[in-house]
Amino acid sequence: MSETMSINEEKKRPPLNGRRALPSNNSNGEENEVSEMEPFGLLPRGFNPKDYLRVVEIHMFKEPHEINKQQHHTDKYYSPKLIVRRGQPFQIQIDFSRPYNPETDQVWLEYLIGRYPQQNKGTYIPILVGNVLKPGEWGAKITHKENNSIRLSIMSSSTCIVGKFRLYVAVWTPFGILRTHRNSATDTYILFNPWCQQDAVYLDDEKEREEYVLNDVGIVFHGNINDIKSRSWSYGQFEENILDACLFLMDKAELELSGRGNPIKICRVASAVINSRDDNGVIAGSWDNAYTYGVAPSAWTGSVDILLEYYSSKQPVRYGQCWVFAGVFNTFLRCLGIPARLVTNYSSAHDNNANLQLDFFLDHEGKVDTKITKDSVWNYHCWNEAWMTRPDLPVGFGGWQVVDGTPQETSDGMYRCGPASVQAIKHGHVCFQFDAPFVYAEVNSDIVYSRREKNGTQVIEKIDTTHVGQLIVTKEVGGDGMMEITEEYKFQEGSEEERLALETAVMYGIKKQSAQDTTYQPQTDVDMDFQVQKAVLGSDFKVTITFRNKSHNYYTATTYLSGNIVFYTGVTKNEFKKHSFSAKLEPFSSSSFDVVIKSSEYLSDLLDQASFHFFVTARINETGKILATQKATVLEIPTLRIKTQGEMVAGKEMSVTVEFTNPLKQTLENVTLRLEGPGVLRTMKKEFRQIPANSTLIWELKCIPKQPGLRKLIASLNCDALRHVYGELNVRIQKP
């Protein structure tokens, strides 16, 4: 393009800069002007462009029911423009002012993207009309000629830039080039193609492609390892303006257009722009239970509202926590055509100095010293996996890659994480980019309980090697159930392969303290464990502590139970229960002790995920040894009930009811309800001033579903006293 710059464009050029001839081309939104008549020299006096072959109209076959969107699996996008996937042919038709003659007429297509199109950067693509298409390379051939029209089959390169291209048709005349004028109706979006073998994101299983690319709702698993909870999330990657919002994110991240064919680069910049730290990205995180001037993370039911708000305001949307970052990231990836899934790691280590161990320091009584304990175990942490080849790594490390948009640690100076090969993490090859050591620590750290003696020596009381990363899950393909993928990340605990993977990781520079550095002599002849009774929010429950004395000695144990209200990140808000007692342990026997937790003790301080963390320590008086164990537990939170009435037909009004009964012994105030369902209704919100104790709220609303098929309605309720209240309903919308 640059060879053919028109005079008026010369004037508009930005000021020269000594480093590069052209400014960086990193915005899909910006355009250049293209001249409709490009003379080769002085035009003869009698020149009339109308004497030559003229383009009258271009047909894009861009309706959802037409051939292009059907063949390219893009018929669900709510967009009037043509959307195709790269490396696969699509059809257009050109109507001329007279019949086209291949002997004498010379016609070509030009696809342009960005403001400074250049052929060698893949941002200016001229395509001559030939008679054969090569797989995976740009080309066009005539498939049909009739009267004044030709039908073209166009092939895009399987590595081309992903984004929105402008199309021009050019005709050669002896005196200059005639072009069609700028027409946004012929704009063409080109996406990644998991159906194309030459594409870096190729996925060979049709059921998996339907799930990881085309499914617009998913499941977030939360809660904790002993009490797994799930909720639906609406990804909504096909909803109106979402594709443009996702392309805007890459403009915001200033990713050079020529790099936008590479899923590795796209994932890396997206993991930074999803969070607002250091680049004013999409979502502002907040973990402090105070969400004034924003929406509480637990209130969102999907990604669409967040992305559209960001696209229009260009300001971070408040607020998110890990599943919100992961939900929006998943929408971004699926929207562009990169297969993606949301993953939950239970008991996820947040290790501040990446030494593969979380240090919990106890004081002389055996209580956790919160002043010097900096590491934390998150009840769960959500991230994403994206599917792609990794030509930048040795063979065998392609496939699922961890990407994480939650801001935890900086990577190359920005809050971002990934892509890190899951296979590399499993085998301990943490030397391969990007951020593998951090993810390895999240799923493999040991918890070390240590205590300072009065003379200053540090005594390790317990090393727990199995607590972290006990369970890693994602939604199953084609259903709402849970699929365990722990073995994708790690070998069986205690197996030979696991030791080898650990030694490999240590060899590649992950720091691991050895037990020789400190004295460690555990108490082996007494076991202690505890169980927390399942409880509904607002009721009393009990914690049962069990000792097993395996020796012939008679012991007494001074036992301390600490109940804490915690954020799901494992960070304590406050201790609401302290209870000490002395336990007598008979030789060769087990004994159990119950501690009752009353609702009045915890309700006033409860945080939005109704999470507790219990910590039990016991000192065996006869030996001075300490036993320590910890567990997180989550209360049962009541759900919303969703019902529909009458027939459900696409294009016809239907009615939906949401019901909720307040289980608390207090009035709920300033309650917000949200309801959404991709293809059925845009997010609806309603505020209620009060819901008295034990009373039932009923919200009725009407909507007109757009898409037939199996759809999901998702609702959430939110107020200061009660969060994480969800409900969902599968509905089948009939064809009209």
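Student: How many nonpolar, polar and charged residues does the lining of the largest pocket have?

Tutor: This is a predicted model, in which local features need pLDDT of at least 70 and side-chain atom pairs count only at pLDDT 80 or more, while totals for chains, interfaces and linings use all residues. Residues are numbered from 1 along each chain as its sequence is written, and side-chain values use heavy atoms, with hydrogens and water left out. Ala, Val, Leu, Ile, Met, Phe, Trp, Tyr, Cys and Pro count as nonpolar, Asp, Glu, Lys and Arg as charged, and the others, Gly among them, as polar. By these classes the lining has 15 nonpolar, 21 polar and 10 charged residues.

Student: Which residues of that lining lie nearest the centre of the largest pocket?

Tutor: A pocket is an open set of points on a 1 Å grid over the protein atoms alone, where a 1.4 Å probe fits, with protein on both sides within 12 Å along at least five of seven lines, and lining residues have an atom within 4 Å of a point. The lining is made up of 46 residues, and those nearest the centre are F360, G570, V571, T572 and H613.

Student: Is N549 buried or exposed?

Tutor: Buried means under 20% relative accessible area and exposed over 50%, with partly exposed in between (1.4 Å probe, protein chains only). N549 has a relative accessible area of 2%, so N549 is buried.

Student: Which backbone oxygen does the side chain of N549 reach at 2.9 Å?

Tutor: The side chain of N549 reaches two backbone oxygens, and that of E586 is reached at 3.2 Å. The backbone oxygen reached at 2.9 Å belongs to N553.

Student: Where does UniProt place the feature "binding site", and why do those positions gather at one spot?

Tutor: The unreviewed UniProt entry places the feature at N444, D446, E493 and E498. They span 55 residues in sequence, yet they gather at one spot, because no two of their C-alpha atoms are more than 13.5 Å apart. UniProt annotations may be inferred rather than shown by experiment, and the positions named in the entry are N444, D446, E493 and E498.

Student: Which residues does E493 touch, not counting residues up to four places away in sequence?

Tutor: E493 counts as partly exposed at 36% relative accessibility, and its place is in the loop between α10 (486-489) and α11 (496-507). With contact taken as heavy atoms within 4.5 Å, E493 touches T465, T466 and E498.

Notes
A polar contact is a pair of N or O atoms within 3.5 Å; within protein, one must be able to donate a hydrogen and the other to accept it, and residues adjacent in sequence count only if both atoms are side-chain atoms. Helices (H or I, at least four residues) and strands (E, at least two) are DSSP runs, numbered from the N terminus.
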